[in-house]
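This report takes one protein chain from its overall dimensions down to individual residues. The sequence and the structure come first, followed by the reading.

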Amino acid sequence: NVTLTSAGALNELSGAFINGALLTTSSVDGTLFNNPNTISSFNATNSTSGNIALTNTAAPLTITGISQTGNGTVTINNTGALTTSGAITTTGTGLMSLIASGAETIGANITATAGPANILLNAGGILNQTAGIISGALLTTMSSGGTTLNNANAVTSFNATNTGLGNIDFINTIGTLTITGITQNTGNITVANTGNLTTSGAISTAANGNISLTAVGGIETIGAAVTAGGSGTINLTTTGGTNALLIQNAVNSTSGAIAANSAGVITESGAGLFGTSGLLTTTSLGGETLNCANTVGSFNATNSGLGNIDLINTASTLTITGITQNTGNITVDNTCNLTTSGAISTAANGNISLTATSGVETIGAAVTAGGSGTIGLTTTGGTNALLIQGAVNSTSGAITANSAGVITESGAGLFGT
């Protein structure tokens, strides 16, 4: 073992290096060891000013603890794997960087909340967390074999890149987590924050990678594009209270299913929309206002509280696989053909409006409005037909059927009120 103590700074001259087991350093004005050292363990304390830096070439390197006081940075760069077994702390705003050409394992607390400071974890292989909590400002991760940080971390922002095969999994517990961007090459993305979750940078997967973003007990705001390649699915969820799901930017999959699940309302604004040739499934407790230029192939919705379900869509054919409305109205307008394959219903006095703008409308399953709820079925443009192949019923409400072409009944098709 090697112990180096200075009342000032610790520096390494050109050509010098340290070879040994545990290197323990104590300095007042910084520790800079940037030559190709070969130690197996490192512990450092810096008490006033200056940076802590270590370049190492042992595989693996174990960090048994680092304490940095002031606004200096901490930079550890190991050629090989890197593991932490003791706490790493900084009291200032200096960037904390742990870089390894191999796998990186976080086994103890990393604390940068006082400044707060940003944290960079850069692994040439898998980035994994076996113990401890990561807390601070922006956490940036880079890996080539996946990132798994599933303890109760507490950072204010998160950015991740994975260039190889492996998932990106992150669990966090802070009032509001902002995702500044995630780029995934081959694998899935799963982020859950206990609190609010906001995105300010693009989140994307390559072909067939799934995306799951969850605000546990908080509001979720999608402020930047979320894109799943190929058949990759997207799941956006809020839980608890009446926490809303706010779609303020595009949420797209090439062909994968998209699920939007809210403990409150689901709203679209600005550039917010859903797009997939597959199925959009929504669940809410306060209604759904999806009135931007959505392009989904299929739609299924459930609202269990007070509020309307509204969807504007622009697919060549929209298939409604089912809508269940507790207290409120249903309005769906598709620019082109509209087909129903599952039941559509409202509770007492809820109105239903289905419109195929410049397309054919085919009612292939039951449409039922409770109480005095009205039903409006409409096609526009050309000679577009209204085809009634399932029962259209209201207890006592008015039913209107408006067609730019013919209106026909077949199979189980009928009107009743």
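## Contacts and the model

Two residues are said to touch, or to be in contact, when they have heavy atoms within 4.5 Å of each other. The coordinates are those of a predicted model, and the descriptions that follow should be read with that in mind.

## Overall form

The protein chain contains 45 strands and zero helices. Its radius of gyration is 28 Å, well over the 22 Å that the globule rule gives for 417 residues, so the chain is more spread out than a compact globule. Along the principal axes, the C-alpha atoms fill a box of roughly 90 × 35 × 30 Å.

Of the contacts between residues at least 6 apart in sequence, 16% join residues at least 24 apart. Buried residues account for 49% of the 417 residues, while the accessible surface comes to about 14400 Å², with 55% of that area belonging to carbon and sulfur atoms.

## The nonpolar core

In soluble globular proteins, nonpolar side chains tend to be buried together. Here the largest nonpolar core has 82 residues, and those with the most contacts inside it are Phe-42, Ile-76, Val-191, Phe-274, Phe-299 and Val-332. Leaving aside residues up to four places away in sequence, Phe-274 touches a set of residues that includes Leu-236, Ile-247, Val-251, Ile-258, Leu-280, Leu-290 and Val-296, and among its other contacts are Asn-252, Glu-268, Asn-294 and Thr-295.

## An aromatic pair

How many aromatic pairs does the model hold? The count comes to one, and this pair is formed by Phe-158 and Phe-170, which are stacked with 4.1 Å from centre to centre and 10° between the planes. Phe-158 lies in strand S16 (residues 147-165) and Phe-170 in strand S17 (residues 168-172), so the pair ties together parts that are twelve residues apart in sequence.

Both partners are shielded from solvent by the criterion of under 20% relative accessible area: Phe-158 is buried at 0%, and Phe-170 is buried at 1%.

## Two buried positions

Ile-266 belongs to strand S29 (residues 266-268) and is buried, with a relative accessible area of 0%. Between Ile-266 and Leu-246, 20 residues apart in sequence, the C-alpha to C-alpha distance is 5.9 Å. Beyond residues up to four places away in sequence, Ile-266 touches Leu-245, Ile-247 and Ala-260, and its contacts also include Thr-282, Thr-283, Ser-284, Gly-287, Glu-288, Thr-289 and Leu-290.

Gly-413, by contrast, is found in a loop, the one between strand S44 (407-409) and strand S45 (414-416), yet Gly-413 is also buried, with a relative accessible area of 12%. Its C-alpha atom is 7.3 Å from that of Val-392, a residue 21 places away in sequence. With residues up to four places away in sequence not counted, Gly-413 touches Ile-388, Gln-389, Gly-390 and Ala-391.

## Strand S35 and its partners

Strand S35 (residues 337-340) has a covered face made of Leu-338 and Thr-340, and an uncovered one made of Asn-337 and Thr-339. Four bridges join S35 to strand S33 (residues 317-327), and the two run parallel; the bridge partner of Leu-318 in S35 is Leu-338.

S35 also pairs in the parallel sense with strand S38 (residues 361-363), over three bridges. In S38, the bridge partner of Thr-340 is Ile-363.

Technical notes. Residues numbered from 1 in each chain as written. Predicted model: local features only at pLDDT ≥ 70, side-chain atom pairs only at ≥ 80, totals over all residues. Heavy atoms only, no water. Rg over C-alpha atoms; globule rule 2.2 N^0.38 Å. Buried < 20%, exposed > 50% of the residue type's maximum accessible area, 1.4 Å probe, protein only. Areas by Shrake-Rupley, 256 points an atom, 1.4 Å probe, with all protein chains shown as cover. Core = buried A, V, L, I, M, F, W, Y, C linked by side-chain atoms within 4.5 Å. Phe/Tyr/Trp six-rings, centres within 6.5 Å; stacked < 30°, edge-to-face > 60°. Pairing = 2+ DSSP bridges.
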